[in-house]
Structure formats: C-alpha cells, structure tokens
Amino acid sequence: MSIGIKAIASYIPEKNVDNIALAAEFGETAEFVEQKLGAIKLPRKAASEETSDLCVKAIQRLQQQELGLDLNSIDALIIITQNGDGEGLPHTAALVQQKAGLSKAVAAFDVSLGCSGYVYGLYILKGLLEASGLQQGLLITADPYSKVIDPSDRVTSMLFGDAATATWLHSDPVWKLGKVHYGTDGSGAEFLQVSNGRLSMNGRQVFNFASVNVPPHIKQLLQLGALDEEQVDAFVIHQGSAAIVDAVSRRFQQSDKFIKDLTDTGNTVSSSIPLLLQKYAMQSQWQNLVISGFGVGFSWASALLYK
C-alpha cells in the first residue's frame, strides 16, 4: 500500500480586490503589480464566511468530481491553517468534521503552518494513515490572511488572497509521494508574524530568505531522489510573489519548467501548491514533479511526486 494524492479540489471566493486599483492608492504602478507581485485579483472571503466554511466548500468541490469519494470512509482529516475559526479554540478540524458530515470516528486536527504547510501536511497524513493501517484521508488548506491584514499596510494588503483546497489521499493514488526534505530557521520569526491581531512582514527579508535558501534546498532534494533537472517535468513551488518565483527559477537551467500562476489568486499561503497541482498536474502526462513550500517561520519543505 502506498498512500498518495488521488484528487484535488479548491474553493476560491468570488469576491475579489482589484489589485491594480489598490496599488494606485499606495502610489504604485500597474507594471509593479504585474511584474513584481504578479496578482491582478486578490480573492476575499465574505465577512460571514469562517475558515471552516472555506474548508467545507473545498470538500464539496471534491465530492462534485464524482470520483467515488465517500466522506464516511475518510479515516483522517488535517487542516493546515494559522487563521482558524474564532480565536483558535476549538480546533478548526473539529468544526469541519461536523459541518461536512464526516464520521465521528475520524482523526481530525489542525497543523499550524503557513506556506510550507501543504508539503508537511502530505507527509504527516501519509505517515498517520500508514502507521495506523488506514487508507483514506483529507488534507485541507485554508489560511485566509484577510482576517489579519491591515488594509492600510501596502506590504501585505496587495499580496495575499483567500482560498481553500482539499486533497484526497488514498491507497490508490494518481501521484505517489517520494523523497522529502525539510528546513526550519526560527531566527526569521520576526520578519513575518501576527501581533495584536495584525499581520506584519519585512518583504525584503522574506524575499532574501526564499531566494537564498530555496534553490539549494531543491537541488539537495534532487540529489536525494537521484534525479536531474531534465527528468523533472515541472517545478511547482509556492507562489509567494512573481518576483520570488522568478528569483528561485533563475537558479536552475530548466527555469522554464517553473510554473508561475498567481494572477487571479495572489499569495494563498498553504493553498498555492495544491491550486497549481489541481490546475496543471492532475490530468497531465507528467511523471516527475518537484513541490516546494516556504515562508513564515521561517519554514520550508520540498518533495518529489511521481507516478
């Protein structure tokens, strides 16, 4: 039995912010938005929507794919979020279990990770299922930063979008999980944090962290997996900003294999990688993928997916 990714679905709120118009209010140009940030639209959840509601809508989209998903057969549920319902107690996973109608026998818990959370979550869930002799789990990402963004902060208000994804892990996967490589550096904690309910970010420090640490980290992963760049069909990395994706990809000979697609979503934190996998990888003929998430913590994780 090999637990891997069977299907992915997503929910992106219809309401959005016009980022070019917002940038003009801060004295920034459309060129800056398009080339450096990369996000023209920033999805925003409705005021009445909680994080758990976004999660449930992503699960419902997964059910609509008609692949035979039976929520009563889900053995484990993990929610990746740092902005859960209310004040964080109880855990959002318990609320999603009830709202989505999952079995009361399900293992359900939150993981407090941001942009690296999807990669971590895949292996946490895979390990839990395999260690327990179970076969099916749901990995949900939902981190609506709109709950903590200060609208007057030009650094963060033009960057983040709200979204949720649901990944079905199963013993009969489309994508199997290969080698994984992790990293943590808590000395960068102050550069991206929430204080008094508001998000603050030192954009230059976060950019420097990603551009310096992520390329060698991915190259170390390729060595672990005994793969060359040429054997990788696509690099699916966290969409922190257009500038960050460009900075990382420039360090590779196969830079054209790095997907950059955040025009209509912005930085969706832990949801960025599964959004790309759903759009580009699930129906593809690709055989080998690299995924890499990095950000708040500082925390980073990269992994190989294969068929």
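What share of the 307 residues of the chain counts as buried? In this predicted model, the buried fraction is 55%. The chain comprises 9 helices and 13 strands. Its C-alpha atoms occupy a box of roughly 55 × 45 × 35 Å along the principal axes. A compact globule of 307 residues would have a radius of gyration near 19 Å, and the value for the chain, 18 Å, therefore agrees with that expectation. Of the contacts between residues at least 6 apart in sequence, 78% join residues at least 24 apart.

In soluble globular proteins, nonpolar side chains tend to be buried together. The largest nonpolar core of the model holds 38 residues, and Y145, F160, I218, V248, V290 and F294 have the most contacts inside it. Two or more residues each are given to this core by α1, α2, α7 and α8 among the helices, and by β10, β11, β12 and β13 among the strands. The largest share, 7 residues, comes from α7 (203-224). Another core, of 32 residues, lies apart from this one and includes I3, Y123, L169 and A234. Leaving aside residues up to four places away in sequence, V290 touches I218, L221, L222, V232, A234, F235, V236, A303 and L304.

Helix α9 spans residues 272-281 and is mostly covered, with 7 of its 10 residues buried. The buried positions are S272, I273, P274, L275, L276, L277 and A281.

Methods: Residues numbered from 1 in each chain as written. Predicted model: local features only at pLDDT ≥ 70, side-chain atom pairs only at ≥ 80, totals over all residues. Heavy atoms only, no water. Buried < 20%, exposed > 50% of the residue type's maximum accessible area, 1.4 Å probe, protein only. Helix = DSSP H or I, 4+ residues; strand = E, 2+ residues; numbered from the N terminus. Core = buried A, V, L, I, M, F, W, Y, C linked by side-chain atoms within 4.5 Å. Contact = heavy atoms within 4.5 Å. Rg over C-alpha atoms; globule rule 2.2 N^0.38 Å.
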